[in-house]
Amino acid sequence: MSVWDGLGLGFGNALTLANLGWALLGCFLGTAVGVLPGIGPALTIALLLPITFQVEATGAFILFCGIFYGAMYGGSTTSILLNTPGESGSIITALEGAKMARNGRAGPALATAAIGSFVAGTIGTLGISFLGPVVVEFALLLGPAEYFSLMVLCFVTVSAVLGGSALRGLTSLAFGLLLGLVGIDLQTGQPRMTFGIPELLDGVNVVLVAVALFAVGETLFLAWRHVEGGAKVLPVGNIMPSRADLKRSWKPWLRGSLLGFPFGVMPAGGTEMPTMLSYYAERKLVAPEHAHEFGTTGAIEGVAGPEAANNAAAAGILVPMLTLGLPTSATAAIMLSAFQSYGINPGPMLFEQQAPLVWTLIASLYVANVMLVVLNLPLVGLWARILKVPQPQLYAGILVFATIGTYGISNSVMDLVLLYSIGTVGMFMRRFDFPTAPVVIGMILGPMAEQNLRQALTISQGDWMAFLTRPGSAMLLALALVALLGPRVWALVRR
Amino acid sequence: MRPDRADLWVGLFVLGLGVLAGWQATEIPASPLYAQVGPHAVPYAVAALLALLGTCLVGVALLGGWSRTLEAEANAPATNWRALLLMVASIKANLALIGWLGFSAAASAQFVLVAAAFGSRRPWRDAGLALMLTLFAWFGFVQLLGVNIGAGLLEEVILRLFGMDVP
């Protein structure tokens, strides 16, 4: 199927009333959770996973993608009005955005973030449409050995390259791999890592772990460091950007989009790096008469560029997820487990076997982007009001939903004990700066990597050298090694 | 530099997790099926990785630790024991109540305690809010998402009020 046929089919499905409804609901929910500090898209999708038993796959994934994109839009509102970034991708937005807000220019900052997100989201979705099929062609050539090596590369990049420390990132990943091992081994039927507890034979539920880390751990950590007196929400003021604002914004939007998308596509995942790079680029490229605004009154370029980069990278993350079945962010990992609960295996075959689903999904991303820019510009007052939900009731509510999401899995108090135990681990992970996303990614990707490893070794009749003698696999492993050791060797050389 | 005690505990915890995983890996029964790679290989590898990373973390902690390099820790406020204790109480309350009173009652108790932990001074208003929210969540999950959560005391009363069947 060509891209145009695919998009035609996709828009035909996405523009039905039911699917438009799912997209609108997703965008609305996504923006709300993006705005609310303490809840993100990964947690929301994890809590909504039971919907996969009720709704057909297309509707559910349109909802999830709406949440995914919506949270990116909503996150910037929090950064700008509260100076507390909702998620890692909006840390940079908070730098200049909050300064603009403090100088009474919150409106234009929000507008440039929303329009920039729209531009970047659209460019990113175009990227998915045209790059996806190409990656699939390439992915069909990969055997189990190459897949395993690709997953090793993915493990290294999500845990060791991003974030504060390779050691702590890898520890998080190993913790996730360990959790993924619990339960019955699918190939031989042997129980593993269960401590003889029958409840653990089914494995540890990924929803439980996501909720524990993102909701319980986070809330416990916030309580640990709680100080009375909340942060102040800055007033929005006039939302309309002036002509000068738009003139200063459009180039950063495009630059940010083009910078962000490739970062998302590469298995490096993460939105921190492209947003940071975009910020530095805009700081360098800004017109001299506005250069003094950076770091003082807040420069609009410093919001427009990183915010576009953030959204484009988020769109890019969907490419490896849809074409290779590789999740490189926590949200993508949770979406992957939604595919699994429909019995669909994401990977190169997805585009062939589930063509209507994939193209409807992609078309609905375009739709979601239009909906989001409409939802965000005129309704910005509503989102700003959501920010005023008082902290005590907000965090109490988050824990209520965490409990019901987990208790609903099997009505077992044992699950709740596990939820709070892993939540406590999550609290300490926050305190000691261990990233949480690699835990979820390792948990989902670990069993898939093991399966590929064992298949590859069955094909090679137990010859481990197969990973090094097959050129594709050897290249990927070499890349992983460079990604792991490169920065450290470089630091040594420079010293 | 002086070793960092807190960081040392973290390293030892990870090391302990590796040892625990290694022990569990030896407990995996031998597979009756023939396979090039049995069910043991990856568990051993993960256990070894955890032990190795734990050892490295212990090493870093002994050389001064990493917490002192964290920006967030440098300006962190002191531990809020009151809030933490209330959080623990909220968890205990939920675990103790959910079995015999059902979700809404247990989660409402949790809600009030968590809100108190974050500085709310109006427990009765919180309780009212909590009941609305938990019942809304219960009906949302059970009716809309089709999740099977047994009706507790409160849910039963409401279901009977509306003349619906109690599952």
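Let's start with one helix, α17(A): it has 20 residues and runs 30 Å from its first C-alpha to its last, close to the 28 Å expected at 1.5 Å a residue. Keep in mind that this is a predicted model. Of the 20 residues in α17(A), 17 are buried, so the helix is largely enclosed by the rest of the structure. Just past the end of α17(A) sits A:Asn411, with a positive phi of about 55 degrees.

Now zoom out to the chain around that helix. Chain A holds 21 helices and two strands. Its C-alpha trace spans about 65 × 60 × 50 Å along the principal axes. For 495 residues, a compact globule would have a radius of gyration near 23 Å, and chain A agrees with that at 22 Å. Of those 495 residues, 61% count as buried. Taking contacts in chain A between residues at least 6 apart in sequence, 81% link residues at least 24 apart.

And what about the partner chain? The contact draws on 53 residues from chain A and 60 residues from chain B.

| Element of chain A | Residue range |
|---|---|
| α8 | residues 166-181 |
| α9 | residues 206-224 |
| α17 | residues 391-410 |
| α18 | residues 413-431 |
| α19 | residues 437-459 |

Which of them gives the largest share of the side of chain A that touches chain B? That's α17(A), with 13 residues. Sorted by class, the side of chain A that touches chain B has 30 nonpolar, 16 polar and seven charged residues.

Conventions. Residues numbered from 1 in each chain as written. Chains lettered and ligands numbered in written order. Predicted model: local features only at pLDDT ≥ 70, side-chain atom pairs only at ≥ 80, totals over all residues. Contact = placed C-beta atoms within 7 Å. Helix = DSSP H or I, 4+ residues; strand = E, 2+ residues; numbered from the N terminus. Nonpolar A, V, L, I, M, F, W, Y, C, P; charged D, E, K, R; others polar. Rg over C-alpha atoms; globule rule 2.2 N^0.38 Å. Buried ≥ 20, exposed ≤ 12 C-beta atoms within 10 Å, placed from the backbone. Expected span 1.5 Å × (residues − 1).
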